[in-house]
Amino acid sequence: MRTPQVVVVMGVAGTGKTTIGPLLAARLGVPYAEGDDFHPQANIDKMSAGIPLEDADRWPWLDAIGTWAHGRAGLGGVVSSSALKRSYRDRLRAEAPGIVFVHLSGSRELIEGRMSQRQGHFMPTALLDSQFATLQPLQADEAGVAVDVGGGPEEITERAVQALEALSVASQ
């Protein structure tokens, strides 16, 4: 039996990290941690006001997620984090070297439509452009897979599970 992975579900706001993350964790039989819960209040206040975070705002948040992921090494887990830049993913990997990324990706139109349907979330649709401008997709040397967010949550989760299984087989 292989060691359970620690998976970071990443992508711009509105791709479904908070929906797919728990579903993926359930399918993998591991705990889920909501990345937004690791944000300090100052970050939430900024985003709620429509102010994009700067890298200096993100470092403590990424470090907290990395610490959680490190603690789950060998046990498995799923955590959400936008992880938009390579430098952010590198920072997470510095804390938890074995993590694998699932990049939830889709068109701006699809994601904006989904964001406009959300209620009670602190990330306004107005910040979507800055998210796409910041996004650096996974590179060939990064452990991870891209998963299209078209379709329903169960369909997306199934694609993620299959992609992770294929990645695991390829890396053996």
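**Close-up views of a predicted model**

View 1. Arg-58 touches Leu-53 and Tyr-88, not counting residues up to four places away in sequence, where touching, or contact, means heavy atoms within 4.5 Å. This is a predicted model in which local features need pLDDT of at least 70 and side-chain atom pairs count only at pLDDT 80 or more, whereas totals for chains, interfaces and linings use all residues. Residues are numbered from 1 along each chain as its sequence is written, and side-chain values use heavy atoms, with hydrogens and water left out. A polar atom of the Arg-58 side chain lies 2.9 Å from the backbone oxygen of Leu-53.

**View 2. The buried residues of helix H4****.** Arg-86, Tyr-88, Arg-89, Leu-92 and Arg-93 are the residues of H4 shown here as buried. Seen down the helix axis, the buried residues of H4 fall within an arc of 160 degrees, so they line one face of the helix; the arc is that of the directions from the helix axis to the C-beta atoms. An α-helix has 3.6 residues a turn, so residues three or four places apart point the same way. S1, H3 and S4 are among the elements that cover the buried residues of H4.

**View 3. The buried residues of helix H2****.** In H2, which spans residues 41–48, the buried residues are Asn-43, Ile-44 and Met-47. Viewed down the axis of H2, they fall within an arc of 100 degrees and therefore line one face of the helix. Their cover includes helix H3, residues 55–71. Just after H2, Gly-50 takes a positive phi of about 80 degrees.

View 4. Two bridges join S2 to S3, with Val-78 in S3 as the bridge partner of Tyr-32, while S1 and S3 pair over four bridges, Gly-77 in S3 being the partner of Val-6. Strand S4 (residues 100–105) pairs with S5 over five bridges, and Leu-104 stands opposite Val-147 in S5.

**View 5. The largest nonpolar core and Phe-101****.** This core has 22 residues, and those with the most contacts inside it are Val-8, Val-12, Leu-92, Ile-99 and Phe-101; a nonpolar core is a set of buried Ala, Val, Leu, Ile, Met, Phe, Trp, Tyr and Cys residues joined through side-chain atoms within 4.5 Å. S1 (6–10), H3, H4 (86–95) and H5 (108–117) each supply at least two residues of the core, and the largest share, four residues, comes from H3. Leaving aside neighbours within four places in sequence, the contacts of Phe-101 include Val-8, Met-10, Leu-92, Leu-138 and Val-145. A second, separate core of 18 residues includes Ile-20, Val-100, Val-102 and Val-149.

**View 6. Pro-22 of helix H1 and Glu-158 of helix H7****.** Pro-22 lies in H1 (residues 17–28) and, at 33% relative accessibility, counts as partly exposed. The C-alpha atoms of Pro-22 and Tyr-32, ten residues apart along the chain, are separated by 5.6 Å. Glu-158, found in H7 (residues 153–170), is partly exposed at 28% relative accessibility. Its side chain makes a polar contact with that of Arg-27 at 2.6 Å, a polar contact being a pair of N or O atoms within 3.5 Å; within protein, one must be able to donate a hydrogen and the other to accept it, and residues adjacent in sequence count only if both atoms are side-chain atoms. Glu-158 and Leu-23, 135 residues apart in sequence, are 9.4 Å apart in space, C-alpha to C-alpha.

Key
Buried means under 20% relative accessible area, exposed over 50%, partly exposed in between (1.4 Å probe, protein chains only). Two strands pair if DSSP finds at least two bridges between them.
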